[in-house]
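Here is a quick tour of a protein model, written for someone new to reading structures. Have a look at the picture first, then work through the points below.

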Amino acid sequence: MSSTIAAVVETGGAKFTLSPVDLDELQPHEIRVRMSAAGLCHTDLGVASGALPFPLPGVLGHEGAGVVEEVGANVGSVSVGDHVLLSFTSCGACGNCRDGHPAYCATWLPLNLVGGTRADGSSPVSRDGQPLGGHFFGQSSFAQHAVVDERSAVKVDAEAPLELLAPLGCGVQTGVGAVWNALTPRPGHTILITGAGAVGLSSVMAAALTPASKVIVVDRVPERLNLARELGATHTIDATQVDTAEELVKITGGAGVDGAVETTGNVGVLRTAIDALAPRGTAVIVGAPAFGTEVPVDVNAMIPGRSIIGLTLGDSETQALIPVLVDLVRSGRLPIDRLITHYPFEDINNAVDDMISGRSIKPVLRF
């Protein structure tokens, strides 16, 4: 057992508190990682608020990046000293995992989002002899060190800038995967992206690397719409100034959009995106409202080949996608640095406040 400092959420709605914690001995397919950076995501804030049944007190964080300090007996993909990016975990054995879709693993929810424990029911993190909620996305990376599932770790080049690349573990790969894996734009397609946060702007950058001819972004903040233009949007709509549906008709000449990525979690915005679809168009749901939320659709309008799909983490196979994203970031073709604001680990609550207020698009903690 080893000790470290973690940002602990004591109860739902409480601020993060830096606290000494103990890390369990490694299981055969686990590694211990010394954190260099960790991105802050709205999913972390949702769990910290008590909106999801994750056991608290607990340690969150799921966009970690760092250096491997120890490996379990059966770890074969990384070694001590390797630099790694951390993402979600999965069982590796169910049908979806074997088929290259680990984000839809049969055990995804308990292993990543709500369980707070390993598959055997134990937690890798404790305090004063009492287990804490841990194993968040197989990593719980809001800590100076973390016990991490081997399947959560992606090895990267030792020269790769970990403090810049940490958000690839969730937010960036979600936005990119929504476009590349779910929509797969063809030449001349029109793509609509609702919401210009970290996920939405990642979708913009991804769409700019496809043969789509129009990339339309909707938001309520002019500065974010300007940034969307700089990152590849061809059209922007300020929803506070004009009617979004009417503007979409004007931009598309009434033809509709071939694909839409909805990142806001607002059901009215989702309905607008669905209604804007062209025949055979697809709306991808990324933003998550409260559990039990329903959106009415016109069934007859769906019959001309329109579809609505949900998406988890870009439907990504992390070992394949994340190295590609690393190369694109390092070459300047995926400029995620435009989204990032860095904070010292001890300023995590300031980072949370800036994210909630919109002052920061993607906070990244430095250790």
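Helices (H or I, at least four residues) and strands (E, at least two) are DSSP runs, numbered from the N terminus. Residues are numbered from 1 along each chain as its sequence is written. This is a predicted model, where local features need pLDDT of at least 70, side-chain atom pairs count only at pLDDT 80 or more, and totals for chains, interfaces and linings use all residues, while side-chain values use heavy atoms, with hydrogens and water left out.

- Arg280 sits in strand β15, which covers residues 277-285.
- The phi of Arg280 is near 70°, a positive value in a residue other than glycine.
- With 72% relative accessibility, Arg280 counts as exposed; buried means under 20% relative accessible area, exposed over 50%, and partly exposed in between (1.4 Å probe, protein chains only).
- Asp128 also has a positive phi in a residue other than glycine, near 55°.
- You'll find Asp128 in the loop between β7 (125-127) and β8 (130-131), and it is exposed at 71% relative accessible area.
- The peptide bond running from Leu56 to Pro57 is cis, with omega near 5°.
- Pro57 belongs to the loop between α1 (42-48) and β4 (58-59).

**Salt bridges**

- A salt bridge here is a side-chain nitrogen of Lys or Arg within 4 Å of a carboxyl oxygen of Asp or Glu, and the count by this rule comes to 15.
- Asp24 and Arg118 pair up through their side chains in one of these bridges, at 2.9 Å from N to O.
- Asp24 is in the loop between β2 and β3 (30-39), and Arg118 is in the loop between α3 (108-113) and β7, so this pair ties together parts that are 94 residues apart in sequence.
- Asp24 is partly exposed, with a relative accessible area of 29%, whereas Arg118 is buried at 4%.
- Arg330 and Asp157 form another salt bridge, at 4.0 Å from N to O.
- That pair links distant parts of the chain, 173 residues apart: Arg330 is in helix α11 (residues 318-330), and Asp157 is in the loop between β10 (153-156) and α4 (162-165).
- Arg330 is partly exposed at 42% relative accessible area, and Asp157 is partly exposed at 44%.
- The side chains of Glu230 and Arg338 meet too, at 2.3 Å from N to O.
- Glu230 lies in helix α7 (residues 222-231) and Arg338 in the loop between α11 and β17 (340-344), so the bridge connects parts 108 residues apart in sequence.
- Glu230 counts as exposed with 53% relative accessibility, while Arg338 is partly exposed at 39%.

**Empty space inside**

- Rolling a probe the size of a water molecule over the atoms shows where empty space is left.
- On a 1 Å grid over the protein atoms alone, a cavity is a set of points where a 1.4 Å probe fits but cannot get out, and a pocket is an open set with protein on both sides within 12 Å along at least five of seven lines; lining residues have an atom within 4 Å of a point.
- Grid points are joined across faces, edges and corners, and a volume is the space filled by probe spheres set on the points.
- The structure holds two cavities of 30 Å³ or more, and the largest cavity has about 70 Å³ of space.
- Its lining has 14 residues, and Leu23, Val125, Gln139, Ser140 and Ala146 are the closest to the centre.
- Strand β9 gives the most to the lining of the largest cavity, with three residues.
- The second largest cavity has a volume of about 30 Å³, and its lining includes Pro167, Val172 and Lys362.

**An open pocket**

- The second largest pocket holds about 290 Å³ of space.
- Of the 15 residues lining the second largest pocket, Gln27, His29, Ala119, His135 and Asp149 lie nearest its centre.
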